[in-house]
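Have a look first, then we'll talk it through.

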Amino acid sequence: MSFQAYLDNIEGKTGLTPREFVALADARGFGPGTKAGEIIAWLAEDYGLGRGHAMALVRVITKGDRIDAKHVGSGGTHSDATDTLWLDGKASNPAG
């Protein structure tokens with residue numbers, strides 16, 4: 001599953017876009033430098049997210065919307081179409 005697909009699935013499960021999760025995390029004081037375990041615990045307790053989905057949000061919350069170019073068009077399991085993740089909701093993603 002691509003990184004973007006993880007984020008889209010999270011939106012489907014919770015009704016919240018990745019950008020909304022970033023804002024909620026910021027309000028809790030989570031951001032760059034926050035340990036993954038703290039964010040994972042919050043996402044599990046408040047939203048019922050498992051570790052894999054939570055780790056996708058940890059990445060976005062702590063490092064932003066860019067991913068390593070090695071994952072772009074690689075054809076591998078986690079291949080994405082671009083190095084920039086869409087955080088504003090799957091319905092508004094111009095890439096479809």
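## Reading ring pairs

A: Let's start with one residue in this predicted model: Trp42 has a relative accessibility of 4%, so it counts as buried, the cut-off being under 20%.

Q: How is a pair of aromatic rings described?

A: You give the distance of the centres and the angle of the planes. Now the case here: Trp42 pairs with Tyr47, with ring centres 5.9 Å apart and planes at 85°, so this pair is edge-to-face. Tyr47 itself is partly exposed, at 27% relative accessible area.

Q: How many aromatic pairs are there?

A: The count is four. One of them joins Phe21 and Trp42, and that pair is edge-to-face, at 6.4 Å centre to centre with 75° between the planes.

Q: Which parts does the pair of Phe21 and Trp42 tie together?

A: Phe21 sits in helix H2 (residues 18-27) and Trp42 in helix H3 (residues 36-47), so the pair ties together parts 21 residues apart in sequence.

Q: Is Phe21 buried or exposed?

A: Buried, with a relative accessible area of 0%.

Q: Which residues do the ring pairs link into a cluster?

A: Phe21, Phe30, Trp42 and Tyr47.

Q: What about the loop between H2 and H3?

A: Thr34 has its place there. Thr34 counts as buried, at 16% relative accessibility. Its side chain reaches the backbone nitrogen of Gly31 at 2.9 Å. If you leave aside neighbours within four places in sequence, Thr34 is in contact with Gly29, Ile39 and Thr62.

Notes. Residues numbered from 1 in each chain as written. Predicted model: local features only at pLDDT ≥ 70, side-chain atom pairs only at ≥ 80, totals over all residues. Heavy atoms only, no water. Phe/Tyr/Trp six-rings, centres within 6.5 Å; stacked < 30°, edge-to-face > 60°. Helix = DSSP H or I, 4+ residues; strand = E, 2+ residues; numbered from the N terminus. Buried < 20%, exposed > 50% of the residue type's maximum accessible area, 1.4 Å probe, protein only. Polar contact = N/O pair within 3.5 Å; in protein donor to acceptor, adjacent residues only side chain to side chain. Contact = heavy atoms within 4.5 Å.
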